[in-house]
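I opened the notebook to look up strand pairing. Two regions were on my list.

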Amino acid sequence: MSNISVVNLQIEHLQETLGIGTAAPRLSWQVASSAASWTQSAYAIALQGTKQQTGKVESSQSVLVDWPFAPLQSRERVGVQVRVWGADGSASDWSEPLTVEAGLLKEKDWHGRFITPTWHEDKSQDNPAPYLRREFDLREGIASARLYITALGVYEAQINGQRVGDHLLAPGWTVYDQRLRYQTFDVTDLLQSGGNAIGAILGDGWYRGRLGFGGGQRNIYGDKLALLAQLEVTYDDGTTEQIVTDLDWQASTGPILASSIYDGERYDARLEMDGWSESGFDGGTWTATSTCAPRSSLSASVSHLDHDFSTLEAPLGPPVRRTEELAPVAITQSPSGKTLVDFGQNLVGWVRLSVEGAAGHTVTLRHAEVLENGELGIRPLRTATATDQYTLRGSGIETYEPRFTFHGFRYVEVENWPGELRPDHLRAIVLHSDMARTGQFECSDPMLNQLHQNVVWGMRGNFLDVPTDCPQRDERMGWTGDIQVFSPTAAFLFDTSGFLQSWLVDLAQEQRKQNGTVPHVVPNILGDGGAAAWGDAATVVPWTLYQRYGDEGILRDQFASMCAWVDFVAARAGESFLWDTGFQFGDWLDPTAPPDQPWQARTDKVIVASAYFAHSADLVAKTAELLNDTTAHSKYAEMAQKAKAAFAAEYVTPNGRMMCDAETAYALAIAFDLLPNKKQRQNAGDRLAKLVLGSGYTIRTGFVGTPLICDALCQTRHYATAYRLLLQQQSPSWLYPITMGATTIWERWDSMLPDGSINPGEMTSFNHYALGAVADWMHRTIGGLAPAAPGYRHIRFAPRPGGKLTHCHTRLQTPYGLAECRWQITDDTLELSVTVPPNATGEVVLPGHAGEPIVVGSGQHTWTVAYQDPDARGPFTVDDFIGDILYQPDGHRLVMETLDKLNAPGFLRFVLPNNKETRLRDGLGAIPNQEEALRLFNEALAKL
């Protein structure tokens, strides 16, 4: 019996292998082995039940191995097995087979047509959802059946009264005129010999529903909903039969009177058509119930709708699913008498209700993220009504949940509930793209743990088919800047490889329409683009995915897009190599900017733009080198060098001071390696630390500076400053929202003000993941776990404790298996334990111990070493900075009490807190008795 085994076979970045769209999918696997320092020396791949085998291939590669056989044909189904050999002479048995089945890979595989109801609709408003159906007969001996299906709009399919699959809001949101994903379902168990029926409900979704700010736009991609379905049945004798969307289908409307992404769903259960998707359905009840459709029994017809079949493709990432249910934690009455339900967590999804009452009674659910003055806080929703209405049919206990909408909410206002509302009547259903959770973080500080949980929940809510900015208001778009800064955090927390790979394909499609310009949002419904940090998603996100998943293929696929973006910027920078023209967002939402002017950051926009130009050019040069494109590498390496030199010459003094003396300017220069020499770099880091001190360790960075500032501080040896910044609880800070009860990351540092009122700015989301990008620094610096080679083939374990934390445990499911870093401080001892997965290696830096990293192989490794807190210090004195004194929990109180004892001039109570970069001794000159003042202050400060 072998002591090693092959586990977790995967193709490409897919979690599901039915209906794949790749004819030659790459294979990945992991190895389970208890042997220390196990590495793979060879592998073999076989197709189960055939003679097709690779034989023994001498290679250590186990991630994204090229398909070794003939390309799959449409519908072809194979079982893939792998075995491996270790460098230690060990050998595994053949793995359990992974069943892989190709979808429809060619246009000619599709035999149906898109169909749409023939009735007239008012295209300027929400309309009732079409219900489409067809009956058909099947003979005995059904062996298997597949349903290939998609829609222009969103759909839910049913066969013989049973829902097909568990996907929600399918086929999702893509650049529909270029990419329309279809889904493949195994429906064998839903069919029967004899009479059958298939049906589908269509919703407006992103295709033709209202999207955009204010009133937004409708019918962006088309004004008619349509369905494409192809049911293929295989019999025991090998013959096949197809039922496709054609003119034999019938259409009607039903109980869904309106469905809108922003505004919610209206459902009248009295209009339900029991058995509408079953064989033998009573045609007399198949009745259109809206004035926009004819009232006739089984006479509502369909027509063909043209759509380019070359746009059809199988999904690259996971579908949207229900992932969790939450019960109410409280049901209360607002000051105005409204019924409010608190689910205890800001989430994205909808509410399922169970209700009993009279026919025609309508229950209304309004959703919002926060309360203000005890009432539902709906102002941040802007024009999104976020309201679901359910009209009872009056037949006992009725259960309802929406189909074609979603809401961002913690609180629900329930209107007109019949009888007493109990917690068991309602459940919040959490929705998001069903990515596998990969990363975990837990430490000794409960506030940091809650911050991390808020990051996770913010990501869950905003990774709903596309990486959106927010899930609640009249926006919910795939903002490029948000995912650019957050992609490293996202790639740790969840397996985002397929999800973001799919989104990047859309980015490139939209970019081609605009001659290299990356739009602000993808899919692009705004028409604008070409801003630094936002457009740089074209380079940063692919590079991040390569670093975290080791997939050169994503770089290869996106390389033209990456080059096009940098070429676009280079054309605007011209011979100066400084991007100082055109529209820019800059360091968006710098907290020092006025609430209604989020672009008014302290860091000049041209610094942000020129820094990103140099950074993206450098990433493209590195990518070209990986892809062995010597011409491109030479071009972009030279461009990056010139852009860096221009940046330093224009914006940096010889001593490392920035033209804009602001945190984001220094963070960019340090993190993007834009400072020509070590002296400038260290001086810039010192000045950055001084600015953070001067702010009282509160945040003064926006979307651009926030993800970089802690790294910039640590790269210049200001770890204590980074920890103080992270652990600050006064606004603006990462932890201030937690003191206000936040359960997700906010758009603004003060989306809710200390008095409980909502920030007056027009943009005030309470679920916006961008500022949670600091979690990536937490994982790498506190948690101590980072890739030292692409895909974590080599892992760096280098935790740097600080902030008086006493333990931390970080876990990550890498492409090679589980990696862990756990440390704990007890008195003057630190214990560090790391886990390296088989076929990977690690390098370990023991906290507080100089020297070369310790290189280790797979397995668990533990060290116990003497440890002294590198940030430890002696008692505070008058020679300390005022900002450091005031940062301490009792610092402000002790300073003010001592001033009172000295009968100091009253103005010092205001002057001292506003001179945080000054040493306390230097701020006491206005006190007559200096000797007494110094003595009393030193006595007071010794208590800190």
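**Strand pairing notes**

I started with strand β19 (residues 256-260), which pairs with β20 in the antiparallel sense over four bridges. The model is a predicted one. Ala-258 stands opposite Arg-266 in β20.

Which strand pairs with β20 in the parallel sense? I found strand β29 (residues 387-391), joined to β20 over three bridges. Here I noted Asp-268, whose bridge partner in β29 is Thr-391.

Then I looked up burial for β20. How many of the five residues of strand β20 (residues 264-268) are buried? Four are, so the strand is largely enclosed by the rest of the structure. I used under 20% relative accessible area as the cut-off for buried.

**Second region**

I moved on to an open sheet of four strands. I read the order as β36-β37-β41-β42, and the pairing is mixed. Which strands stand at the edges? They are β36 (785-787) and β42 (854-856). Each has a single partner strand, so one side of each is left without a neighbour in the sheet.

Three bridges join β36 to strand β37 (residues 794-797), and the two run antiparallel. I noted one pair there as well: Ala-786 stands opposite Arg-796 in β37.

How values were computed
Residues are numbered from 1 along each chain as its sequence is written. This is a predicted model: local features need pLDDT of at least 70, side-chain atom pairs count only at pLDDT 80 or more; totals for chains, interfaces and linings use all residues. Side-chain values use heavy atoms; hydrogens and water are left out. Two strands pair if DSSP finds at least two bridges between them. Buried means under 20% relative accessible area, exposed over 50%, partly exposed in between (1.4 Å probe, protein chains only).
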